[in-house]
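Here's a quick briefing for anyone opening this one up for the first time. Take a look at the chains below, then read on.

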Amino acid sequence: MTGISDFQLKVLALLQEDARLKPEVLATMLGATVEEVKGAIEAMEQNHVIVKYATIVNWSKMHDEKVTALIEVQITPERGRGFDRIAESIYLYPEVKSLYLMSGAYDLQVEIEGDSLKQVASFVSNKLSTIEAVLSTKTYFILKKYKQDGIIFEENESDHRMMVSP
Amino acid sequence: MSNESSHQSSIPVRTRQMSDYLNPTVRDIKPSGIRRFFDLVSTRKDVITLGVGEPDFITPWHVREAAVMSLERGKTQYTSNAGMIELREAICNYLHSSFHVEYNAEKEVMVTIGGSEAIDLALRALISPGDEVLVPEPCYISYSPITTISGGVAVGIETFAKDNFKLTEEALRKVITPRSKILILCYPSNPTGGIMTYEDWLPIAKVVEENDLIVISDEIYAELTYGSKHVSFAAMPGMRERTILVSGFAKAFAMTGWRLGYACGHPDIIAAMLKIHQYTVMCAPTMAQYAALEALTNGMEEKDRMVESYNQRRRLVVQGFHDIGLECHEPQGAFYAFPSIKSTGLTSEEFAQRLLEEANVAAVPGDAFGLGGEGHLRCSYATSVANLTEAIERIGQFVYKLKQG
């Protein structure tokens, strides 16, 4: 863990909710100066605590729906380098959205996003399975996303409060 | 058929209007200004509202789950009139550790249907006809009407923005008469966001003592202070005996709809309040009591997170009012800002109504909260940052246009 301050944590918590909040607004909300906020953000960007500002997309709202699959991969680790080199040879594929080393019954969990079922199947059979260290794969297609990165996708989170109350 | 018509014709003609049957005291009480404004807002679409007097968080899941669990286990019976003893003990522990005031769970605490019931019970238990009840204003809208219904006479004490809406010794002394019996305190304050510190309380406690008053201290917003920790009036030297401490779970734990509060005080007074409670409602809802127990036991972290979030939005909204040229004292508690709109030349009512019609922003006119409220607008910042930003923007444009004439 990089030495991260309480103040940086507060900035981070707000950015995680809304990465588009401007430094001026963050400064007001946290009772700090704009310079302090900018400094904290820059520091966290530099040491890669903040990796990227991305958009969470609900692809099911689009007509050209994406296909996502989770793949359990069993591999033979390499002497001296463990899983890391094999992991690299997998995560460098742009189709791979996330890759985790797991405890338990399998070794790596790969998340693949593709335009069609066929594209994902072809990735597994032509690319993933052919890597020498890969012993077996099990592919699970995601049917529906309810929640991702703490964000609920269903649209029932509206404000139920009365418009005016004492 | 013929039977029916002969039966109908035998009904004596009613000479009184239905309203003539009403108790005149109840009939003559004006509906709250908030209600009137609510009706107006309800007719409109796409309004951004700063008019909501409740948290924008949903009750934390573990608290909701505790209630669901209690139902699954069949805990659907009455509890004792004063509430589950486990909950009363948890309340005592909480008040002791958070606000340094000690109560006996058996005799000095009762669980009520919201803080509102506790206020009603306290006033009904204490007031004899004609007793004067002193109420610092602007304040929550129910103290005066309930005083009136209970046969008392409500006496407002005006407080001012220049004092951050604190109650001062002079203002209190000015309204005291031989009939003065009860002082109602509500700090942190709805609608002003004002708080009282230990030093602020000292002279008030002295006046209370000298005039042998009893105090109902509504501390429902106790957890929502920013910068300094809430000081309970009951924790002031010599005031515990004279104070009925009223609070609840709604504001601290985002549990408004559960309707769960409590009152703590001298055993004789709690016993009297309990008598009314027993004859009117029996006990507070059982599942809500289980939820409250969970909130007190495991909910503090979540509560702190919510308070931090209100604090961030408080700074945003106060800065926002300054930026658009509306004077706004710094609210140090609750989740309301109470900016002055006097510079626009409009009354609170006019301002709020035109703001709604011309800018589609709802906020409650300050005069709904009694003396000292005119010229102000209650703006709840318990809403999203996006809503707050947009609301301030719209209010800014509206004020700019007004000032351009």
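Two residues count as in contact if their C-beta atoms, placed from the backbone, lie within 7 Å. Among such contacts in chain A between residues at least 6 apart in sequence, 53% join residues at least 24 apart. Keep in mind that this is a predicted model, where local features need pLDDT of at least 70 and side-chain atom pairs count only at pLDDT 80 or more, while totals for chains, interfaces and linings use all residues. As for labels, residues are numbered from 1 along each chain as its sequence is written, and chains are lettered from A, with ligands numbered from 1, in the order in which they are written.

**Chain A overall**
- Chain A has five helices and six strands; helices (H or I, at least four residues) and strands (E, at least two) are DSSP runs, numbered from the N terminus.
- Starting at the N terminus, its elements go α-α-α-β-α-β-β-α-β-β-β.
- Chain A splits into domain 1 (6–46) and domain 2 (64–143), with bounds that come from an automatic or database domain assignment.
- The centres of those two domains, taken over C-alpha atoms, sit 36 Å apart.
- Along the principal axes, the C-alpha atoms of chain A fill a box of roughly 60 × 45 × 25 Å.

**Helix α4 of chain A**
- In α4 (residues 84–91), the buried residues are A:Ile86, A:Ala87 and A:Ile90; buried means that 20 or more other C-beta atoms lie within 10 Å of a residue's own, exposed means 12 or fewer, and partly exposed is in between, with C-beta atoms placed from the backbone.
- These three cover an arc of only 100° around the axis, so they are on the same side of α4(A); the arc is that of the directions from the helix axis to the C-beta atoms.
- A:Asp84 and A:Glu88 are exposed on the other side of α4(A).
- The cover over the buried residues of α4(A) includes β1 (67–75), β2 (96–101), β3 (108–114) and α5 (117–128) of chain A.

**Where the chains meet**
- On chain B, 22 residues are in contact with 13 residues of chain A.
- α3(B) gives the most to that side of chain B, with five residues.

**A spot in chain B**
- You'll find B:Phe165 in the loop between β4 (153–158) and α8 (169–175) of chain B.
- B:Phe165 is buried, with 27 other C-beta atoms within 10 Å.
- Leaving out residues up to four places away in sequence, B:Phe165 touches B:Thr159, B:Phe160, B:Ser189, B:Thr192 and B:Gly194.
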